[in-house]
Amino acid sequence: VASLVTCLFAEFDDAANLLAANPDATTISIDEPAEARENQHGRRQELSREEDDELLGTDDSDKTELLAGQKKSAPFWTFEYYQTFFDVDTYQVLDRIKGSVFPVPGRNFVRLYIRSNPDLYGPFWICTTLVFAIAISGNLSNFFIHLGRPAYRYVPKFRKVSIAAATIYAYAWLVPLALWGFLVWRNGKVMNIVSYSFLEIVCVYGYSLFIYIPTAILWIIPHKVVRWVLMIFSLCLSGSVLVMTFWPAVRDDSRRIALATMGAVILLHALLSVGCLAYFFDAPEVDFPVPIIPAHNGTSLVTKVK
Amino acid sequence: RFSFVLKVSHNVQFAGLADVSISEDIPVEGEITVPVGSHSPEEDYSTLDEPVRETILRDLKAVGKKFIHVMYPKKSSALLRDWDLWGPLVLCVSLALMLQGGSADSKEDGGPQFAEVFVIIWFGAVVITLNSKLLGGTISFFQSLCVLGYCVLPLTVAMLVCRLVLLVGTGTGGFVLRLVVVLAMFAWSTLASTAFLADSQPPHRKALVVYPIFLFYFVISWMILTFTPQ
């Protein structure tokens, strides 16, 4: 029994040695100083928020770069690497959504909400929900518009889901890639004070698309003016989030390039919403002849319903 | 019958248990019965020689037991421990088959094709499982696939009911009945799967895990509800 017991203890020793020797298991040791630094960084941010807009992102940016680089310490072929992109709690996701829907002028979405913890949960699931919201709402709105027509037969048009998915995912991933590449290129030429990592840009774009989900559902209402008002309203909200995020990154550049970049960002955003409205939702004012109603004095009446 | 005596050769004292010491020469008696005879020990563990009917019936019984667990979700761990993917496969294929034969003016405008339904269900389940694991869930990959697949059962029942209602008539009354049935089954599916999966999710993130499951069953319910026959 003594030999058995010593054998067991020896096994425990070996296990402890293995754990100590394995660097991958101890990502905790790297996170702790980053967290401590993040706390100080957060406190300093509390103070700087009182001050002018121009101080947003002045001396925080290089620290943010460092933190963004240090967090992902696991090698990219392990599962833990991708888990760092989903390190958010429910209340954090809800806060970020709230921040994208109610943009406060002067507050930078990235500084305020993301704070070097960009997540992929929000962008991915908001895009997925938006794909299905647009496809389903488009289908429903067409159904209600054509409801009176005798010759109309409902078809689900499932192909449109794939088209919606391709468009929205392409927008949410390729446009941030292009924008990030452009910003990195300009950063090489002009020393920019604020620069964002690729994931932070994906995060901002993903969360800014959230406002389109209730907009798409409300687009079921078959009224042209209502739809355009809704579209302009949501474009303003999400566009302002994007503008307030990226303006500090380009304003140190030449005036022309800065304005051109902002213009391109807003233009692409507007193109997405106009395109979705035009393609998935039929025009609400469809003239269809109402059957002839005989009036009581015998003359027949044909009315066109708008 | 065997009996044996264990002799301890010297005192053993455990560190921290100074009060306990085991004296020498403790007789330990026991009984071990080794069945000798026609049975060889391997036959108890291998199922190679059993009749085929027994093999199939055993798997069918396991699948049937899980169906009952889904219809009356009681938070038992049987579904999680012995996962299998037969049930989800059967349900997926039958749902995809029942969604065929819809009306369409052209190939483009119809309902989902067989392959599309298949891909949505399996790819959707894989994405939800990955999402749950990335958020820090402790459930294994195939266990989660198994639960999500089995919880499609209420929606398959709803599809069957819808097709029967559509055989009778396609009026507004039929539509309202289909809507009520599909809504009820959608709620059942979502609640059943969250009942099974909720415990393995990290705290403060349960809503983040439950929402994709809600979306998944919502899309399947939408496909069922918008099915229009020829």
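Reader: Where is V176(B) placed?

Author: Going by this predicted model, V176(B) lies in helix α7 of chain B, which covers residues 172–197.

Reader: And is V176(B) partly exposed or buried?

Author: Partly exposed, because its relative accessibility is 44%, and the partly exposed class runs between the 20% limit for buried and the 50% limit for exposed.

Reader: OK, which residues make a nonpolar surface patch with V176(B)?

Author: F175(B), L179(B), V180(B) and L183(B). Together with V176(B) they form a patch of about 410 Å².

Reader: Switching to the interface. How many residues of chain B are in contact with chain A?

Author: On the chain B side there are 36, and they touch 27 residues of chain A. The buried area between the two chains is about 2,900 Å², with 67% of that from carbon and sulfur atoms.

Reader: Which residues in chain B lose the most area to chain A?

Author: L134(B), L208(B) and W222(B). Taken together, they account for 21% of what the chain B side buries.

Reader: What about charges, how many salt bridges between chain B and chain A?

Author: The count is 2. One of them joins the side chains of R205(B) and D89(A), at 2.8 Å from N to O. As for polar contacts, 8 residue pairs across the interface qualify, with both residues at pLDDT 80 or more.

Reader: Which helices of chain B each supply at least two residues of the side that touches chain A?

Author: Those are α4 (114–134) and α8 (206–225). The largest share comes from α8(B), with 10 residues.

Terms used
Residues are numbered from 1 along each chain as its sequence is written. Chains are lettered from A and ligands numbered from 1 in the order in which they are written. This is a predicted model: local features need pLDDT of at least 70, side-chain atom pairs count only at pLDDT 80 or more; totals for chains, interfaces and linings use all residues. Side-chain values use heavy atoms; hydrogens and water are left out. Patches are made of residues with over 30% relative accessible area and no salt bridge: like charges are joined within 9 Å, nonpolar side chains (Val, Leu, Ile, Met, Phe, Trp, Tyr) within 5 Å. Accessible areas come from the Shrake-Rupley method with a 1.4 Å probe; for residues, only the protein chains shown count as cover. A salt bridge is a side-chain nitrogen of Lys or Arg within 4 Å of a carboxyl oxygen of Asp or Glu. Helices (H or I, at least four residues) and strands (E, at least two) are DSSP runs, numbered from the N terminus. Buried means under 20% relative accessible area, exposed over 50%, partly exposed in between (1.4 Å probe, protein chains only). Contact means heavy atoms within 4.5 Å. Buried area is the accessible area (1.4 Å probe) that two parts lose on being put together, summed over both. A polar contact is a pair of N or O atoms within 3.5 Å; within protein, one must be able to donate a hydrogen and the other to accept it, and residues adjacent in sequence count only if both atoms are side-chain atoms.
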